[in-house]
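Good morning, everyone. Please look at the chain on the screen while I talk.

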Amino acid sequence: MGRRAFAPLSFGSGPHVCIGAALTMMEAEIVFDKLMRRWPALALSEPRPRWNRNPVYRGLATLQLHVPASA
Ligand code: HEM
């Protein structure tokens, strides 16, 4: 089974696909845009963020960030 390029799997698929997907992606776009404008030097605190172990709802367990002092 294939999927469209860049089509996320996080919102399910088929008849019960998430009806909030478009809203959520729009909100995420706004949030990340605002974050990067406010703190352009925002960087990962650890080289490899940790992922949770849930195969169904995959996601980051934590995402630690910092703003370098000179920023
Ligand atoms: C990060 C945010 C979200 C994630 C990861 C997410 C994920 C999902 C997933 C995986 C499903 C399918 C569940 C299944 O197969 O049984 C689902 C269904 C659903 N989601 Fe979301 N969702 C998110 C946000 C939202 C928002 C913001 C709304 C409403 C404004 C929403 C409303 C719904 C509804 C009503 C369903 C059931 C659709 C149906 O059964 O026909 N979700 N969501």
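How many positive and how many negative side chains does the chain have? There are 9 positive and 4 negative ones, counting Lys and Arg as positive, Asp and Glu as negative, and leaving out His and the chain ends. The centres of the two sets lie 8 Å apart, with each charge placed at NZ of Lys, CZ of Arg, CG of Asp or CD of Glu.

Some ground rules. This is a predicted model, where local features need pLDDT of at least 70, side-chain atom pairs need 80 or more, and totals for chains, interfaces and linings use all residues. Residues are numbered from 1 along each chain as its sequence is written, and side-chain values use heavy atoms, without hydrogens and water.

Now the fold. Helices (H or I, at least four residues) and strands (E, at least two) are DSSP runs, numbered from the N terminus.

Next, the overall dimensions. The C-alpha trace spans about 50 × 25 × 20 Å along its principal axes. Of the 71 residues, 6% count as buried, meaning under 20% relative accessible area with a 1.4 Å probe, protein chains only.

Which protein atom is the donor to the iron atom of the ligand? The single protein donor is SG of C18, 2.2 Å away. Donors are N, O and S atoms within 2.8 Å of the metal (3.2 Å for Na, K and Ca); water is not among the atoms, so sites may look incomplete. C18 sits in the segment before α1 (21–38).

Methods:
Buried < 20%, exposed > 50% of the residue type's maximum accessible area, 1.4 Å probe, protein only.
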